[in-house]
Structures are given as C-alpha cells and as structure tokens.
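Please keep the sequence and the model at hand while reading.

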Amino acid sequence: MFLSKLESISNAQKLIDDNQRLTEVEEIPLFEAHKRVLAEDIMAFHDSPPFDKSAMDGFAVIGENTFGASQSAPKELKIIDAIGAGDFSDKTVGENEAIVIATGAPIPNGANAVIMKEYTTTDGDDLTIYSQVTPGENVSPKSEDIEKGQKILDKNTFIRYQELGLIASAGYDTVRVFKKPKVKIIITGNELVEPTKEEIDKAKIINSNQFTIKALVEDSGAIAEIAHAGDTFDEVKDAVLEASRDYDVIMTTGGTAISKGDVVLDVVDDLGEILFHGVAIRPGKPAGAGVVNGKMIFTFSGQPVAAMSQFDMFARKYLFEMQGRSFDFHIVKRESQLKIPSQLGRTDFIRAVADDEYAKHVLNRGSGIIRSMVEANSYIIIDENDEGYQKGDIVNVVMFDSLLW
C-alpha cells in the first residue's frame with residue numbers, strides 16, 4: 001500500500017504512543033534483576049540496620065565519660081568485654097567502662113557512642129583515650145536506612161546496583177519485574193549476503209542491518225532474534241504472520257521505499273493496520289509502523305544509517321515503555337561550530353560530534369554511510385519549524401550514550 005502524505009515526527013510518535021503496550025510480569029531471583037524494571041512497590045520486611053550498630057572499629061562508651069579527653073589530658077577507662085561482627089554482648093557499659101566493638105556490631109546496653117581505635121591505646125583491660133566523642137557519634141541508629149513496613153521503591157523503578165542493595169536489605173530474594181520484550185527482526189532483500197572475506201557477487205551487498213538492529217534492540221533492554229525473507233509478498237507475509245504469534249514486537253528492514261509495490265507495507269496492510277508510512281524526517285523518510293495481531297511492527301529502511309536513526313526516533317521509546325520505563329530524548333544545548341542547512345516542514349537528526357560546549361555535524365552524511373555513525377557521538381536535532389542553523393547558534397543535541405537502557 002502507498003501512502004503519499006508524510007506525517008510529522010510528532011504525529012508519528014503519537015500514533016505509536018496511542019498503541020503502547022506493556023509486557024507481562026514475571027518473578028525472578030534478585031541476582032538476575034540488575035537493569036530490569038520493578039512491576040511492584042517494594043515494602044520493607046525489616047528495619048535496616050535492625051539495631052543501633054557501630055559505624056567504626058573502636059570502643060563502645062558512654063559519650064559523656066569522654067568529655068575533656070585530649071592528647072594533653074587523656075582519660076582512663078576499663079574494658080569489660082569485646083564484640084565482633086555478627087556477635088553481641090549481654091553486658092551493660094557503666095561509668096568509665098568500655099567494650100571493644102567491631103564495625104557493624106550492635107551497640108551494647110548503656111553505651112551511646114563509639115570512640116575510634118585510632119584515638120586510643122590499651123594495656124590489658126586498661127583503655128586510654130585521647131579524644132572525646134559526643135553521644136550518638138559513630139553510631140548508626142536502628143532503621144536509619146529502612147524502616148520496617150515503609151515503601152522504599154516504587155513500581156516502574158529501574159533497578160541499578162544501588163536498588164539491588166536496597167531491595168536485598170528490605171528482605172527480598174526474588175522480585176517482580178516486567179518481562180523483556182521479545183523482538184523478531186525480519187531482514188528483507190534478495191541482494192543481501194552474509195559477511196565474508198571473499199569477493200562478493202555483482203549486485204550483492206553485505207547484510208549489516210541484522211547486526212546493528214539486533215544490538216539496538218538489546219541496548220533497549222529487549223531480546224532480539226533474526227529472520228530473513230526474500231522480496232516477495234508471500235515470503236514476507238509468512239514471516240510477519242509467524243512473528244506476530246510468538247513475539248511482542250516485529251521490526252523489518254528493507255522494502256519500505258515510498259513507491260508502489262512496497263512489499264512490507266503491503267503485507268502490514270493485508271494482515272493488520274498501517275499507522276503511518278512516510279515521515280517528514282531526515283534520514284529515514286520511508287519509516288513506517290503498524291499493528292498486526294495486536295503486535296507493533298516497525299518498518300525500517302534498508303539503508304543502514306536510516307534504519308538506525310529510525311529506531312532511535314520511534315522504536316527505542318516503545319521498547320523502554322513496554323517494560324514500564326519512561327523514555328524521552330535528553331536534550332542538551334551546544335554551540336554549533338558549522339552552518340547546518342535544513343528545510344521547513346522536516347525534522348533532521350544530524351549525526352554530530354559534541355563535547356561539553358560545542359557540536360559539529362559529520363560532513364559525510366549519506367544514509368548508507370555507516371562510518372558516519374561511528375564518527376559521531378550524538379544527534380543535532382533540527383525542528384521542522386527551523387530552516388537550519390548558522391555557525392555559533394545554540395543547537396539541541398542528544399548524546400548517543402543518553403539513549404542506552
């Protein structure tokens with residue numbers, strides 16, 4: 001099917017948002033939860049710490065007994081016990097008494113502070129202190145970090161290493177998260193061959209898209225599998241229909257040029273609904289999207305750079321939000337070091353090199369030139385209402401690193 005009207009990027013993105021789906025929920029071991037998204041609130045089963053504990057190796061004391069101690073006027077205390085990590089003392093610290101204590105050990109009854117070992121000397125049970133401590137000093141109070149029954153993390157929180165520690169401290173060894181979307185990538189094109197060091201036949205080209213799109217999917221927290229189909233309606237239809245049964249999202253490359261006989265879009269139109277085909281963007285004007293058997297299908301260009309940019313414009317956000325994680329372009333402002341032409345009515349994603357102050361677009365920007373993406377570390381985004389920028393203008397930049405899962 002051929003749709004001649006070009007959508008604006010904002011309208012195309014809204015059509016995708018209107019068809020956003022979430023994955024199902026699964027319970028997994030906490031050891032496997034790094035970089036997943038919570039599908040439940042986390043409520044603490046325990047206080048953390050579960051008792052007043054020592055924050056230092058030293059001596060548990062009554063803080064007031066140390067007042068006035070200094071290098072020139074040391075004070076003497078009597079050691080009555082010792083507590084190692086994982087142990088406790090049933091003795092009570094009295095006036096001018098102390099208990100040896102390890103970091104993390106429970107503060108004994110009677111004590112209210114810990115003096116660091118470095119400020120003391122010992123001779124048998126005799127302790128000499130050369131500094132004073134105030135009540136509460138070097139003590140981590142009970143439930144300082146987590147209070148039993150408290151909600152400590154919200155549903156839809158992205159689990160980093162920090163959150164793993166907090167969840168574990170709350171008492172969880174498993175956690176409910178959104179499943180990773182399963183994505184089927186269908187590479188179309190009779191001209192494609194696998195990478196080889198041998199001479200390539202005339203009119204053939206190495207299939208690089210299967211590697212880049214798979215990596216982009218994985219960089220969005222999802223699982224990718226590759227399939228291939230020739231440039232025939234029946235082959236593409238069979239591949240799309242099979243994928244729509246077993247996968248959460250379908251992506252295709254090739255067969256989407258804005259002309260009659262676009263095989264992939266004909267298949268989408270036959271099996272489901274085309275949301276859009278053709279967007280006022282550069283690169284990647286032939287981008288399309290649709291729904292087949294309730295599953296989102298993204299149809300990307302066969303041109304490698306266009307396909308990568310189309311993924312970033314449309315598919316990355318969908319995959320993030322399928323897993324309960326919000327996504328928006330993180331725009332930073334930079335000064336353009338070169339003039340950048342554009343035209344009204346089209347949104348440009350310009351490959352660029354940016355640092356903390358400046359951005360300069362990559363000059364060789366053909367949609368098939370993969371090296372231009374390697375040389376770049378960012379996009380300069382030119383809005384459809386702008387006619388480009390002059391050297392020295394402040395431009396909107398999205399760093400590639402900010403797009404990662």
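**The sheet**

Aspartate 81 stands opposite isoleucine 99, a residue of strand 6. In this predicted model, local features need pLDDT of at least 70 and side-chain atom pairs count only at pLDDT 80 or more, while totals for chains, interfaces and linings use all residues. Residues are numbered from 1 along each chain as its sequence is written, and side-chain values use heavy atoms, with hydrogens and water left out.

Strand 5 (residues 75-83) and strand 6 (residues 97-101) run parallel and are joined by five bridges; strands (E, at least two residues) and helices (H or I, at least four) are DSSP runs numbered from the N terminus, and two strands pair if DSSP finds at least two bridges between them. Six strands make up an open sheet with mixed pairing, in the order 7-4-6-5-9-8. Because strand 7 (113-116) and strand 8 (120-123) stand at the edges with a single partner strand each, one side of each is left without a neighbour in the sheet.

**The cavity**

A search of the whole structure finds one cavity of 30 Å³ or more, a cavity being a set of points on a 1 Å grid over the protein atoms alone where a 1.4 Å probe fits but cannot get out. The largest cavity holds about 50 Å³ of space, the volume being that filled by probe spheres set on the points, which are joined across faces, edges and corners.

Its lining, meaning residues with an atom within 4 Å of a point, includes Gln13, Asp17, Phe314 and Lys317. Helix 1 (9-17) and helix 6 (304-322) each supply at least two lining residues, and helix 6 gives the largest share, four residues.

Terms used
On a 1 Å grid over the protein atoms alone, a cavity is a set of points where a 1.4 Å probe fits but cannot get out, and a pocket is an open set with protein on both sides within 12 Å along at least five of seven lines; lining residues have an atom within 4 Å of a point.
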